[in-house]
Amino acid sequence: MLPRPYEGTTWTLRKDLAMRCWHVLLLLAAAFPSAAAAQDTTTTSSTTGTVLTLSDALAQARQHSPVYLQTLNNAGPASAGVRNAYGQFIPSVTVGAGLGYTGSGQSQFGGTLFQQSSPSYSSSYDISLGWQLNGQVLTGPALQKAQQRATTMDIAAAGLDLETTVKTQYLTALQAVAQVDVARQQLKRDTTFLQIAQARYDVGQATLLDVRQAEVGRDNSEVALLRAEQAANEAKLELLRQIGVEAPSDVEQLQLRDTFTVSEPDFSLDQLLSTAADANPTLRALQARADAAGSSLTAAKSEWFPTLSVRAGWSGFTQQFSNTDILLSNSLGQAQGAFSSCQQDNEIRTRLADPLPPRDCYTASGLQPDGTLDPVVAQSILDQNNVFPFHYTRNPFSASLSLSFPVFNGFGRSLRIAEARAQREDADQGVRAQRLLVRSTVQARYLAVRTAYRAIAVQTTARSAARDQLQLAQDRYRLGSGTALELADAQNAVQKAEADYVNAIYDFHKAVAQLEAAVGRPLR
């Protein structure tokens, strides 16, 4: 308040003081706009920089999220498992080939000594076909298909979890950005309050305590704004991390453009529960795992079936001696022996009662009159030896058919059947537990959505009351009947009411997102 003027003060001094008071009132009127013109902080302000919408965030998350891609990678092995199960009905083919070397010397096999005078090179090939049919082969496709369906449901559950996580964090980032606007408005109000307090102090209508109080409020608002900006940047960084992309150096310039409208929830709890029972991806994944466990039990029981096996094979070999001189020498010895036998046979032929004509022993044995091998015979021996590595000698074709019946294997089958039955029962109980969890979660989040919507109405009323309180405090301060402390409390109440209103708005949107995650489908 202005000090009471002394007696005898001139009219000029009164006029000067009156003009200053009028200026202060005009400044107050300009500084405190009406509550109806206050800005709604539920939407983000327009900023320059990279724009990220929720749909873009979800699309990038499906392409870059490490956790989701790890689950997505399981689709390849699951598909390969189905192909492998059907491939067991096709005969297997094995092709083999080999090269070998054997030095000269003696070797013993089966108690018999073998002498090899010349080193030799050898090669071989083997082609075999095999086909087997048993219980594991017959039940394999059904088991692998069940596991593939379970993998598909796991991927769907991971996709919904990723969508819920990214959407919730996107809302959190929007909420943090909106809180920055709230803090910025509070700083603006506290800055104006400091200017007015200083102006009133200059004309003697306020004390130095009012000025210092306004300075403290302004400083606290600056700190609150810095912390709000830091929280918004951290929320954006967390959003980018969950998407799976690296954050830019100017993350504060990242702009989140999507807005979400608030509408009264008209969900039917019974319909939500029915939809969740059919569409919840986690429940469907567990059900698929239970089906796969049932197929595993059938496969374990099929071990009692007989096994039919069919085998067929083709093979060949080569052996080439490296020392041809020894080979020709051995052949010459054999030819000389054949020549002597031929001459003895000719003597017997001439002594018969009815003599037979003698044979040409040189032609029959391959010798020449000078006692050497016939060049044609020698070349033929060398040609027959020149077979390494691809002039194979074929072995006889071989084939076999066998049928075996499992009789006793140390209770191994009984153990595997018992384990498979226990796994199936555990999976059935897991499905039942998840179904109960889904129902309770849907009900809880349904109630949370209703509560969050009602909280918006309460916070709207509280914000309007706080704005009215601020308007009254401003009027009282302009008229000189209110104190700076009263005005500061009213400004803090408005700041808290606006912040609570922002939180109520985004808590509602998060509650709807969580309800959609529990149901397994979008609800709006």
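The axis of a helix is a line fitted to its C-alpha atoms, here over the stretch in contact, and the angle between two axes runs from 0 to 180 degrees between N-to-C directions. Keep that in mind as we walk through this predicted model.

**Two pairs of packed helices**

Two packed helices are described by the angle between their axes and the distance between the axes. Here are those values for two pairs.

| Helix pair | Angle between axes | Distance between axes |
|---|---|---|
| H2 (residues 54–64) and H5 (residues 135–202) | about 140° | 10 Å |
| H7 (residues 269–279) and H8 (residues 281–301) | about 40° | 6 Å |

Let's start with H2 and H5, whose axes make an angle of about 140°. Angles over 145 degrees would count as roughly antiparallel and those from 65 to 115 as roughly perpendicular, so H2 and H5 are oblique to each other. H2 passes H5 in a right-handed crossing. On the H2 side, the contact is made by Leu54, Ala57, Leu58, Ala61 and Arg62, while H5 brings Gly159, Leu162, Glu163, Val166, Lys167 and Tyr170. Sorted by class, the residues of this contact are seven nonpolar, one polar and three charged.

Now for the other pair: H7 and H8 pack at an angle of about 40°, which makes H7 oblique to H8. In this contact, Ala276, Ala277, Asp278 and Ala279 of H7 meet Pro281, Leu283 and Arg284 of H8. Five of the residues in the contact of H7 with H8 are nonpolar, none is polar and two are charged.

**A cavity**

Which residues line the largest cavity? They are Leu273, Ala276, Ala277, Leu283, Arg435, Val438 and Arg439. H7 and helix H12 (412–479) each supply at least two residues of the lining. The lining has five nonpolar, no polar and two charged residues. The volume of this cavity is about 30 Å³, and the structure holds one cavity of 30 Å³ or more.

**Two spots in the backbone**

Most residues other than glycine have a negative phi, and most peptide bonds are trans.

Phe388 and Pro389 are joined by a cis peptide bond, with omega at about 5°. Pro389 sits in the loop between helix H11 (375–385) and strand E8 (393–394).

Further along, Phe411 is not a glycine, yet its phi is positive, at about 65°. You can find Phe411 in the loop between strand E9 (398–404) and H12.

Note on methods
Residues are numbered from 1 along each chain as its sequence is written. This is a predicted model: local features need pLDDT of at least 70, side-chain atom pairs count only at pLDDT 80 or more; totals for chains, interfaces and linings use all residues. Side-chain values use heavy atoms; hydrogens and water are left out. Helices (H or I, at least four residues) and strands (E, at least two) are DSSP runs, numbered from the N terminus. Angles under 35 degrees count as roughly parallel, over 145 as roughly antiparallel, 65 to 115 as roughly perpendicular and the rest as oblique. Contact means heavy atoms within 4.5 Å. Ala, Val, Leu, Ile, Met, Phe, Trp, Tyr, Cys and Pro count as nonpolar, Asp, Glu, Lys and Arg as charged, and the others, Gly among them, as polar. A crossing is left-handed if the near helix is turned anticlockwise from the far one by less than a right angle, and right-handed if clockwise. On a 1 Å grid over the protein atoms alone, a cavity is a set of points where a 1.4 Å probe fits but cannot get out, and a pocket is an open set with protein on both sides within 12 Å along at least five of seven lines; lining residues have an atom within 4 Å of a point. Grid points are joined across faces, edges and corners, and a volume is the space filled by probe spheres set on the points.
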